[in-house]
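Biologist: Could you take me through this one? Please give me the cut-offs as you go.

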Amino acid sequence: MATALVALASMLRRTVDSEATPMSIVGPIALFVVTLAAGCTRDGAPDRGLRLATTTSTESSGLLAHMLPPFEREEGIEVQVVAVGTGQALELGRRGDADVVLVHARTLEDEFVAQEHGVDRRDVMWNDFVILGPPSDPAGLRGLRDAVEAFRRIRAGGHTFLSRGDDSGTHVRELEIWERAGGVPEGHDVYLEAGQGMGRCLVIADQRRAYVLADRGTFLAFRRTLELEIFVEGDAARLRNPYGMILVNPRAHPHVNADAARALLDYFTSPRGQRRIGAFRVDGRVLFHPAGGR
Amino acid sequence: MEFLWDGLVEALQLVARGDPEVLHAVYVSLACTLTAVTLASLVALPYGAWLGLYRPRYHRVQVFLLRVGMSVPTVVIGLLVFGFLSRAGPFGGADLLYSKSAIIVGEILLAFPIAGSLAHGATAGLDRRVVETALTLGASRPRALLTVLSEIRSALVAALLATFGRCITELGIAMTVGGNLLLSTRTLPSTIQHELGRGDFGKAVAPGIVLLVLAALAAAVTQWLSREARE
């Protein structure tokens, strides 16, 4: 039953994402009825599905496709991945619509745990952000290592900057850097807020010749179609991007699949899981560095 | 239920308070849609009526093309406009991508076949003797066309409103070539999409309410006109 509802919800979400037409609703509902019927014949067998709410970067980079199959095979647990922005992933956890979350926005994560929506937050891995811009580099960022200084120069020169503007982990980080650089630039012609996913934002920044903060993985995946170049990287204080995994608090949401969620957390933080994260490559490059039990 | 109710209450408060982001989305939606519908209709309505009344050579092919144009999904229109306006595309130098102008270009392409097709539908069944009478009375051809258009004006206004409704609710073009930029190219439908993606249900409902009100207004005008025409 729950599986059927989840399937319907995710199909409907996809339908809503594209433009809904009456016909496109029929498919999911038919599927819902079929799944429901199939579920009834199992005599209410316990539902072992595990719902992981996570950010788009872990799904679109292919990391989850690399990590999850061995876990699913060995534990006999089916993992349903809901890939959204960090803000919405935590919101799903807060409403009890997910069993475990894998996100990257430390301040939001700590708040999530402090409000007792989640328990047992652990560092899983990290990747890094880069500051990209048009090849002409009007703000003169080339060679800088300090992200805050880079933002300061963009702001001082009135250069165009594209913000995710969607409460994602990347957006939260961007705002933290702006805060240190003296605040978000004023004027909606120089500070553009797209409110879209990372890939879409890279295309917009490229077309509008704007600077943009991006995670390295998405940039690598899009690099071939873009003119954007990396100008600032390697600022360990500002550009490192740690991912945390948090169990949704079973006391707040008794229906969560707590055992399966714990098993997934143990798997990701075990020496074997950590090695597997480090072994993941895109175009021969490491995208996610294991946290190493820190 | 509480979740839905809270969302509705928050949305009504946003609308009542005149939230600047919602107001700006109303402005972008109305400005783009009204411009696109006006520009497209100026050509599409006379063209459709001409097809219906005079049945020129190959009119069947032209009507067919209009109907095909009516069912092209907005994301495909967006894709096409993106290809032309992108820096790598033929009109890249115009620097139009991710601006209101880009949305207008897309919506013109969306509006043209709808307005043309509906004007054709309104005139195709018309008694050709109206035209012939006008012509024998010494009217020039454009003049005769104008006479007929004024005869069926309520059908044409209905066509305009239908075109307006389609354009103001579209999402594909606004997202693909508008870019959903806050206080710049964010329309009512793209606000809904955006706020839902952020998990803010109330802020997603507010533009939905505005769209419903606009749709109701358009429907009311259409109904009033059709009653007017019958009496």
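Modeller: A residue is buried if 20 or more other C-beta atoms lie within 10 Å of its own, exposed if 12 or fewer, and partly exposed in between, with C-beta atoms placed from the backbone. This is a predicted model, where local features need pLDDT of at least 70, side-chain atom pairs count only at pLDDT 80 or more, and totals for chains, interfaces and linings use all residues. Residues are numbered from 1 along each chain as its sequence is written, and chains are lettered from A and ligands numbered from 1 in the order in which they are written.

Biologist: Which residues of α8(A) are buried?

Modeller: Gly169(A), Thr170(A), His171(A), Val172(A), Arg173(A), Glu174(A) and Trp178(A). Helices (H or I, at least four residues) and strands (E, at least two) are DSSP runs, numbered from the N terminus.

Biologist: How far does that helix reach from its first C-alpha to its last?

Modeller: Helix α8 of chain A, residues 169-180, reaches 17 Å with 12 residues, close to the 16 Å expected at 1.5 Å a residue. The expected span is 1.5 Å times one less than the number of residues. Just after α8(A), Gly182(A) has a positive phi of about 105 degrees.

Biologist: Where is Asp215(A) found, and why does it count as buried?

Modeller: Asp215(A) is in strand β7 (residues 211-215) of chain A. It counts as buried because it has 25 C-beta neighbours inside 10 Å.

Biologist: What is Asp215(A) in contact with, leaving aside neighbours within four places in sequence?

Modeller: Ser57(A), Asn127(A), Phe129(A), Thr170(A), Met198(A) and Asn241(A). Contact means C-beta atoms, placed from the backbone, within 7 Å. Thr170(A) is also among the buried residues of α8(A). Val130(A) is 85 residues from Asp215(A) in sequence, yet their C-alpha atoms are 6.2 Å apart.

Biologist: And Trp126(A), is it buried, exposed or partly exposed?

Modeller: Trp126(A) is partly exposed, because 17 other C-beta atoms lie within 10 Å. It is found in strand β4 (residues 118-133) of chain A. Leaving aside neighbours within four places in sequence, its contacts are Arg240(A), Asn241(A), Pro242(A), Tyr243(A), His289(A) and Ala291(A). Asn241(A) is on the list for Asp215(A) too.

Biologist: At what angle do α2 and α5 of chain B pack?

Modeller: About 35 degrees, with the axes of α2(B) (residues 20-54) and α5(B) (residues 100-124) 6 Å apart. Axes are lines fitted to C-alpha atoms, for helices over the stretch in contact, and angles run from 0 to 180 degrees between N-to-C directions.

Biologist: How many residues of chain B touch chain A?

Modeller: 17 residues of chain B are in contact with 17 residues of chain A. Helix α10 (residues 188-198) of chain B gives the largest share of the chain B side, three residues.

Biologist: What ipTM does the predictor give the complex?

Modeller: The ipTM is 0.75 and the pTM is 0.74. Chain B averages a pLDDT of 89, with 98% of the residues scoring at least 70; pLDDT is the predictor's confidence in each residue, from 0 to 100.

Conventions
Two residues are in contact if their C-beta atoms, placed from the backbone, lie within 7 Å.
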